[in-house]
Amino acid sequence: MAVTTGDDKKAAEAAIKRAEAKLNEEERNMKSDGLKNKFGDHLIAEARRDLNAAKKFLASDTSVNVKPSFARFLYLPKSTEDQSTESRIVEGWKAIGLEQIVDDVKEFASSTLPKALDHGKLKITEESRGICLEVGSGSGDWILSRAKRDWSQQWVASEFKFDRCASIRQKCLLEGPRNVHIVGGDARECLPMLLPSSCVSEVHINFPEPPVWHDACARE
């Protein structure tokens with residue numbers, strides 16, 4: 001599916017405008033409340049950077065097929081007792097717009113899940129030298145920069161927050177790396193559930209603690 005032509009491009013441009021308007025409103029609200037919130041400023045700057053990247057992509061003559069990227073997006077929302085791993089993954093796909101792209105979600109899932117999973121675990125590529133795992137990938141800048149240097153290596157970005165998982169996926173789509181899998185959700189659950197045993201060759205934890213934002217909620 002190309003997203004830079006015809007109605008698809010118009011829909012994407014409209015979505016970006018709505019997101020920008022919402023972001024501007026959030027920024028105005030923060031300023032009017034008189035809050036000195038460094039973490040909020042950081043999140044807004046991060047979101048604005050993602051929007052600018054999307055606008056730059058739309059302005060180019062490039063097109064991208066987004067469907068294969070779903071096989072690399074394995075986010076596990078909180079589950080009910082009777083919910084399977086596969087159904088949770090599909091729920092994550094729906095949250096990033098699957099139903100806007102395919103007519104039959106069930107048919108798409110039945111053909112795509114086997115590309116992502118092998119007996120319920122992340123499928124390891126033949127050329128990979130084991131998985132390089134980053135825990136707490138945040139916005140994904142570090143792992144994407146590493147993945148671009150070694151396209152034969154299979155990388156896994158583990159991130160708790162859904163919006164950041166979606167942001168990493170967008171960057172992979174816009175910037176090109178196809179060797180990054182996103183395993184989202186609580187790492188204590190999703191990593192042992194989705195990664196095969198003895199498959200990890202490297203583990204990187206670049207941000208072991210949440211950032212400390214001094215005076216995060218202090219009023220000026």
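Author: Tyr75 has a relative accessible area of 12% in this predicted model, and because the limit for a buried residue is under 20%, Tyr75 counts as buried. Its ring forms an aromatic pair with that of Phe162, with 5.1 Å from centre to centre and 75 degrees between the planes, an arrangement that is edge-to-face. Tyr75 belongs to strand β2 and Phe162 to helix α6 (residues 162-175), so the pair ties together parts that are 87 residues apart in sequence. Phe162, for its part, is partly exposed, at a relative accessible area of 26%. As to how far this region can be read, strand β2 (residues 73-75) is where confidence is highest in the protein chain, with a mean pLDDT of 97.

Ring pairs join Phe70, Phe108 and Trp93 into a cluster, and the count of aromatic pairs comes to seven.

The loop between α2 (38-59) and β2 also holds Ala71, which is buried, with a relative accessible area of 9%. Leaving aside residues up to four places away in sequence, Ala71 touches Trp93, Thr112, Lys115, Ala116 and His181. Ala71 and His181 are 110 residues apart in sequence, yet their C-alpha atoms are 8.2 Å apart in space.

Lys171 is buried, with a relative accessible area of 5%, whereas Asp141 is partly exposed, at 38%. Another salt bridge is formed by the side chains of Glu175 and Lys148, at 2.7 Å, N to O; Glu175 lies in helix α6 and Lys148 in helix α5, 27 residues apart. Glu175 is partly exposed at 40% relative accessibility, and Lys148 is partly exposed at 34%. The structure holds six salt bridges, among them one between Glu27 and Arg48, whose closest N and O atoms are 2.8 Å apart.

For the setting of these details, the protein chain has seven helices and nine strands, and 38% of its 220 residues count as buried. Of the contacts in the chain with a separation of 6 or more, 71% are between residues 24 or more positions apart.

A word of caution belongs to the other end of the confidence range. The mean pLDDT of the protein chain is 83, and 85% of its residues reach 70 or more, but over residues 213-220 the pLDDT is below 50, although this stretch has 17 contacts in the model beyond near neighbours in sequence. Where pLDDT is low, the predicted coordinates should not be read in detail.

Notes. Residues numbered from 1 in each chain as written. Predicted model: local features only at pLDDT ≥ 70, side-chain atom pairs only at ≥ 80, totals over all residues. Heavy atoms only, no water. pLDDT = per-residue confidence, 0-100. Helix = DSSP H or I, 4+ residues; strand = E, 2+ residues; numbered from the N terminus. Contact = heavy atoms within 4.5 Å. Buried < 20%, exposed > 50% of the residue type's maximum accessible area, 1.4 Å probe, protein only. Phe/Tyr/Trp six-rings, centres within 6.5 Å; stacked < 30°, edge-to-face > 60°. Salt bridge = Lys/Arg side-chain N within 4 Å of Asp/Glu carboxyl O.
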